[in-house]
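Student: Please take a close look at one part of this model with me. I'd like a connected picture that I can follow on the screen.

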Amino acid sequence: MPKKILIFIEQRENKLKKTSYETATVAHSIASALGYETEAVVIGGEIENINTIQSYGLNKIVHFKNSDLINYSSSAYKNIVSGYAKETGAEYVIFPNSSLGKDLAPLVSVNLNAGIIMDIIDFTINDNTITLTRPVYAGKALMDVKFNSDVKVFTLRPNVFKPVSSDSSTEIEIRNVDNPNLTNRVTESKKSEGKLDVAEADIIVSGGRGMKGPENFHLIEELADALGAAVGASRAVVDAGWRPHREQVGQTGKTVSPSLYVACGISGAIQHLAGMSSAKYIVAINKDKDSPIFNIADYGIAGDIFEILPAFTEEVRKLKA
Amino acid sequence: MKIAVCVSHVPDTATKIKIGSAEKIIDPAGVTYIINPYDEFAVEEALKLKEKFGGDSEVTAVSVGNDANKETIRKALAMGVDKGILLKTDVETDSYFVASALSGELKSGGYDLILFGKQSVDFDNSITGQLTAEMLGYNCISVVVLLNIDGNKITAEREIEGGREVISTELPAVITAQKGLNEPRYASLKGIMAAKKKVIEEKVLTDIQNKTEILKLRLPSPKNPGRIIGTDKSAVPELVRLLREEAKVI
Ligand SMILES: Cc1cc2nc3c(=O)[nH]c(=O)nc-3n(C[C@H](O)[C@H](O)[C@H](O)COP(=O)(O)OP(=O)(O)OC[C@H]3O[C@@H](n4cnc5c(N)ncnc54)[C@H](O)[C@@H]3O)c2cc1C
C-alpha cells in the first residue's frame, strides 16, 4: 500500500473555499515527489461545487456528510479528521492556514501525536525529507523547519501556492456521520457588512493617519471599490477609532499577502511593514519622500493623498469602463 | 473560579531582526523583551473574570522558558495576577514542547479556564492554546473577541475571515485572546510594589522533546528599491499604466 498524504478541504456555506485547490495542488506535488497517494476530507452537508476539486490530482475524496456540520464544530471536526487520518495511516495531514485551519490543525496534531508547522510559504524535498519554510517575527525573518515525528501536520498560507489542475478525475466517497460530537460548535455566523476582508483580498487599499480623520476614508473606499479591493488601515487609525480593528494590517493586526497593496498616508512603521511586506506589489502615496514606506514600495508618489487619491480612482474607473 | 493565564516572553515588536551566529535563532544583543502583546489581553480577561466571580477566585500566570521569563511573569503579577509559575528550560522550544510542559503542569490544578494570547509575536504559530487544550481534554475557542461565561456555559465570538463566529461550549476550557477582547490595564505603582512580594514558583522541565527542528533562520531577500514616479496627480496615469502593463495586477 502506498503511503498517504491527507488534506483537509474547507467549505463555507456549502461551497469549497479557494484554498482547497491550492492545498490539493501542493499535496499532489509532494505525493509525486515521494511516490505517495493523496486523499482529501471534506465535512459538511450538500456541497454545491464539490465536483470542481475532482481534477486536482487527488486519488480520493471522502465527504463526511451531516447537515449539522455545515457550520464548524471543532469537537466534531477533529474527531472525523483524526479518525480518518488514523484509518488511512496518513503520514502527512495538510490544512489551509485559514481561521478554521488554524483552530483545527493543532487539535488533530495532538490526536495523531504529530509535529505541527504553521503558515508554510515554500517547501523543498531532498532524500524524501521535506523542509518547510515559514515567516517568523511577523515576516521579518524566514525559518526553514523539518519534522522529528512520524506523522506530520502543516498548514499552507492562502494565496501563495498557485492551483494547477490535472486531467485526473477523482472518486468521491460519501459517508454519513451519525451523532457528531457538538460540544464545541458555531451557533451563528456574523458577516461584517458584506465587505471584502483584508485577509482574503487580492488587492488592499489601506489608509493611515495621513487621512486626517474618519470622514476622509470615503476616498479610500472609492478607490477600493474601483479596484475591487478591501479596505485596510494602520494601527494609528484603528486606535483612534476611525476604522474597525478587523481592518488593521500589521504585527498586531492581520498579515496579508495580496498581489497589490496601496498604502495611503501610512509612514511604514516596522510593525505595519511586518503585516504587508510580502505583498507582491506595493504602492505608496505619502507626502514625505523620506517615509520608510518608500523603502519597500515598488511604485511611489511623494505627494498629497487628498489630491492624488481622487485622480487615482478616476483613472482606474476610466480603465475599467 | 480557578484561572490560569499562559504568558510568553518575546522580543519587542520594534526589534530589527539580526540572525544569530548558529543561524537558528536571532542575535539577542540589544533586543528588549516584553510580555507578548496578545497575552496582555489574556491577563486582563483573567483579572476581569476574577473580579466578576469573586469568592476564592484565583489567577495564576505560567510561563515556559528561562530566568528571563520571570520579568514577564512579574508584569502579569503587577497587573494583578495572584501568583506565578516558571517552567524552566534552556533549550529552544517548539509549540508542541511548550504545550506539553503547560498541560503537564496544569492538568492536576483543577483549572476551570486557561487563557492564552492568540499567538506569540516571535514564531507567530497561533497554536499553543489549542495544543494545550487538546492535551488536557479541555474545550477550546481561539481568536476570541467577546467572552461570556454563565455557570459552566461559555458563549464567545471569534474573528474569522470576513466576520465573526458565535461559539458555544462548556467549561473547563481554553480561550485564546485576540485584540479587541478588552483594554488591558496598566500596572499601578502599588501593583508593581505588590508584585515584588508575590511568589514565582520554579520547576525544572525534563523529558520533553520538540517534534520539529529549526534548520535555518534567514532574512528575506531585500526588495528592489522602488521608484518614486512623481510628486503630484500628474503621475497617476503613469502609475496606473505600470500597475497594468508592468506589474499586471489591475
Ligand atoms: C506592540 C505594537 C504593535 C503594533 N502593531 C501595529 C500593527 O499591527 N499595524 C500598524 O499599522 N501599526 C502597528 N503599530 C504602530 C506603529 O508603530 C505605528 O505607530 C503606526 O503604524 C503608524 O500608523 P500610520 O502610518 O498611519 O501613522 P503615522 O506614522 O502618523 O504616519 C502618517 C503618514 O501620513 C503621511 N501624511 C500625512 N498627511 C499626508 C497627506 N496629506 N498626503 C500624503 N501623506 C500624508 C505622513 O507623511 C506620515 O508618513 C504597533 C506598535 C506597537 C508598539
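Tutor: Let's start with how the fold of chain A is held together: among its contacts (heavy atoms within 4.5 Å) between residues at least 6 apart in sequence, 64% join residues at least 24 apart. Do keep in mind that this is a predicted model, in which local features need pLDDT of at least 70 and side-chain atom pairs count only at pLDDT 80 or more, while totals for chains, interfaces and linings use all residues. Residues are numbered from 1 along each chain as its sequence is written, chains are lettered from A and ligands numbered from 1 in the order in which they are written, and side-chain values use heavy atoms, with hydrogens and water left out.

The secondary structure of chain A comprises eight helices and 18 strands; these are DSSP runs numbered from the N terminus, with helices being H or I of at least four residues and strands E of at least two. Its radius of gyration is 22 Å, close to the 20 Å that the globule rule gives for 321 residues, so chain A is as compact as a globular protein of that length. That radius is taken over C-alpha atoms, and the rule is 2.2 Å times the number of residues to the power 0.38. Along the principal axes, the C-alpha trace of chain A spans about 65 × 45 × 40 Å.

Chain A exposes about 12200 Å², and 46% of that comes from carbon and sulfur atoms; accessible areas come from the Shrake-Rupley method with a 1.4 Å probe, and for residues only the protein chains shown count as cover.

Among the buried ones are A:Leu100, A:Asp103, A:Leu104, A:Pro106 and A:Val110. After H3(A) comes A:Asn113, with a positive phi near 55°. Most residues other than glycine have a negative phi.

Next, the ligand. Residues from chains A and B surround it, so the site is shared between chains. The shell holds 28 residues, the closest being A:Ser234, A:Thr252, A:Ser267, A:Gln271 and A:His272; a residue is near the ligand if one of its heavy atoms lies within 4 Å of it. By class, the shell has 16 polar, six nonpolar and six charged residues. Here Ala, Val, Leu, Ile, Met, Phe, Trp, Tyr, Cys and Pro count as nonpolar, Asp, Glu, Lys and Arg as charged, and the others, Gly among them, as polar.

A nitrogen atom of the ligand is 2.8 Å from a polar backbone atom of A:Val249. A ligand nitrogen also lies 2.9 Å from an N or O atom in the side chain of A:Asp304, and one is 2.9 Å from a polar backbone atom of A:Ile305. On its own the ligand has 990 Å² of accessible area, and the protein covers 80% of that. Helix H5 (235-239), helix H6 (270-276) and helix H8 (305-320) of chain A are the elements that give two or more residues to the shell.

Technical notes
A polar contact is a pair of N or O atoms within 3.5 Å; within protein, one must be able to donate a hydrogen and the other to accept it, and residues adjacent in sequence count only if both atoms are side-chain atoms. Buried means under 20% relative accessible area, exposed over 50%, partly exposed in between (1.4 Å probe, protein chains only).
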